Amino acid sequence: MKLATKYLGLTLKNPLIVGASPFSDNLHVARQLQDAGAGALVMRSLFEEQIDFEQQALTHHIESPAESTAEATSFFPSYEEFELTPDHYLHQIEKLKQELTIPIIASLNGYRPGGWTDYARRFEAAGADAIELNLYQLVTDPEISGDEVEADMLETVRSVTALVKIPVAIKISAFHTSMAQFARSLEFAGAAGVVIFNRFYQPDLNIEDLEAQPQLKLSDSSELLMRLRWLAIISPHLHCSLGATGGVHTTEDLVKALLAGADGVQLVSVLLKQGPKAITNLLTGLETWMSEHGYESLNGLRGAMNLSRCPDPTAFERANYQKILQSWRI
Ligand SMILES: Cc1cc2nc3c(=O)[nH]c(=O)nc-3n(C[C@H](O)[C@H](O)[C@H](O)COP(=O)(O)O)c2cc1C
């Protein structure tokens with residue numbers, strides 16, 4: 001069974017990728033994930049704010065960059081709370097490259113063009129095989145239009161991709177008005193891949209002390225459905241790679257993500273719940289499914305259920321919406 005695949009132009013032994021998470025912090029654990037069969041590993045993110053803080057510290061000679069702005073002290077984690085400083089991050093890339101043989105994808109997290117994007121160059125110099133640029137942003141300013149937000153994002157992508165020769169994947173949220181068009185714009189801006197989607201860690205409201213309660217709940221398979229829909233819609237229009245992140249827990253989830261058009265399938269929650277053996281189980285399950293369904297490689301399987309053969313996907317989606325509403329009878 002041939003599970004080898006291309007992702008961001010890199011050859012992976014299989015499409016399973018450890019998604020951005022704390023798994024990259026510990027070399028022993030990262031090694032276990034590789035031994036269990038992971039095809040690549042994405043590191044936790046280095047954030048725009050961390051880099052900006054450090055650059056301010058160098059300029060103003062302050063001890064802790066978090067002391068430098070009122071905004072930073074009130075909302076953001078203090079400088080010390082981040083697991084890796086920018087310098088540690090670069091060393092961690094080097095150590096992971098020494099310890100592992102699978103591709104290492106470093107993650108840069110920010111959305112505004114700025115000096116922080118220069119870290120892409122440093123990631124490359126430290127040995128990263130690729131970069132995942134996470135554009136996570138929740139726009140709350142009513143003065144800013146969607147076009148402006150996306151223009152900033154595209155400029156950020158252009159500035160990062162212009163700085164490096166290694167491939168850059170862009171991790172985005174699900175909330176863009178014209179997703180297929182935006183994904184294509186990312187490709188035109190130099191992206192070697194688009195990773196869908198960021199999860200928003202939605203705070204709950206505590207109605208006793210009237211405070212917002214941040215919470216980190218791990219995903220389940222139900223979160224995959226939105227990714228499947230957009231993979232199926234986008235994949236016929238892109239030449240670059242597509243990564244799926246969010247809600248892949250079972251062999252069925254993995255097969256569905258591939259059928260919908262994913263080239264790489266990222267895992268985090270399932271690994272936090274079950275440990276590295278989840279990768280081995282998913283690979284065995286994929287091989288079994290492929291042999292039962294007559295596939296010898298991923299080539300015929302990938303994208304087989306995307307919407308490339310649908311003459312009018314917008315009408316198809318709207319028709320399905322109407323049918324599903326009519327199906328409920330009292
Ligand atoms: C503890 C934890 C830490 C994470 N850290 C990052 C990060 O630093 N950068 C990033 O882009 N995504 C991060 N993520 C998001 C994951 O990469 C992934 O997109 C998300 O968990 C959905 O995948 P899943 O359903 O397999 O968990 C993190 C997720 C978790 C649970």
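In which loop is the place of Phe197? Phe197 sits in the loop between β8 (193–196) and β9 (204–206), and point 5 returns to this residue. The notes below concern a predicted model, in which local features need pLDDT of at least 70, side-chain atom pairs count only at pLDDT 80 or more, and totals for chains, interfaces and linings use all residues. Residues are numbered from 1 along each chain as its sequence is written.

1. The barrel. Eight strands form a closed barrel in the order β3-β4-β5-β6-β7-β8-β11-β12, with parallel pairing. Direction ignored, neighbouring strands of this sheet are turned by 25° against each other on average. Helices (H or I, at least four residues) and strands (E, at least two) are DSSP runs, numbered from the N terminus. Two strands are said to pair if DSSP finds at least two bridges between them. Strands of a sheet pair through backbone hydrogen bonds, either parallel or antiparallel.

2. Strand β11 and its partners. β11 (residues 241–245) pairs with β12 (residues 264–267) in the parallel sense over three bridges. Within this pairing, Gly243 has Gly264 as its bridge partner in β12, and Thr245 has Gln266. β11 also pairs with β8, again in the parallel sense, over four bridges. Here Val195 stands opposite Gly243 of β11.

3. Burial of β11. A residue is called buried if 20 or more other C-beta atoms lie within 10 Å of its own, exposed if 12 or fewer, and partly exposed in between, with C-beta atoms placed from the backbone. Five of the five residues of β11 are buried, so the strand is largely enclosed by the rest of the structure. In a regular strand the side chains alternate between the two faces of the sheet. In β11 both faces are covered: Ser241, Gly243 and Thr245 are buried on one side, and Leu242 and Ala244 are buried on the other.

4. Helix α8 (residues 224–234) lies across β8 and β11 and runs at about 175° to β11. Helix α4 lies across β4 and β5, at about 165° to β5. The axes are lines fitted to C-alpha atoms, for helices over the stretch in contact, and the angles run from 0 to 180 degrees between N-to-C directions. In helix α1 (residues 27–35), the residues Ala30, Leu33 and Gln34 are buried. Seen down the axis of α1, these buried residues fall within an arc of 100°, so they line one face of the helix; the arc is that of the directions from the helix axis to the C-beta atoms. They pack against β3 (16–18), β4, α4 (86–99) and α11 (277–292), where contact means C-beta atoms, placed from the backbone, within 7 Å. The face turned away from the buried side carries the exposed residues His28 and Asp35. Gly37, which follows α1, has a positive phi near 125°.

5. Backbone geometry to check. Most residues other than glycine have a negative phi, and most peptide bonds are trans. The peptide bond from Ile196 to Phe197 is cis, with omega near -5°. Leu8, in the loop between β1 (5–7) and β2 (10–12), has a positive phi near 55°. Leu8 is buried, with 25 other C-beta atoms within 10 Å. Leu210, in the loop between β9 and β10 (211–213), has a positive phi near 50°. Leu210 counts as exposed, with 7 C-beta neighbours inside 10 Å.

6. The ligand shell. Which residues come nearest to the ligand? Of the 21 residues around it, these are Ala20, Ser45, Ser219, Val268 and Ser269. A residue is near a molecule or strand if its C-beta atom, placed from the backbone, lies within 6 Å of it. β4 (40–47) and β5 (104–109) each supply at least two residues of the shell. By class, the shell has six nonpolar, eleven polar and four charged residues. Ala, Val, Leu, Ile, Met, Phe, Trp, Tyr, Cys and Pro count as nonpolar, Asp, Glu, Lys and Arg as charged, and the others, Gly among them, as polar.

7. Two further positions. Phe316 lies in helix α12 (residues 313–326) and is partly exposed, with 13 other C-beta atoms within 10 Å. Leu205 is in strand β9 and counts as exposed, with 10 C-beta neighbours inside 10 Å.

Note on methods:
Contact = placed C-beta atoms within 7 Å.
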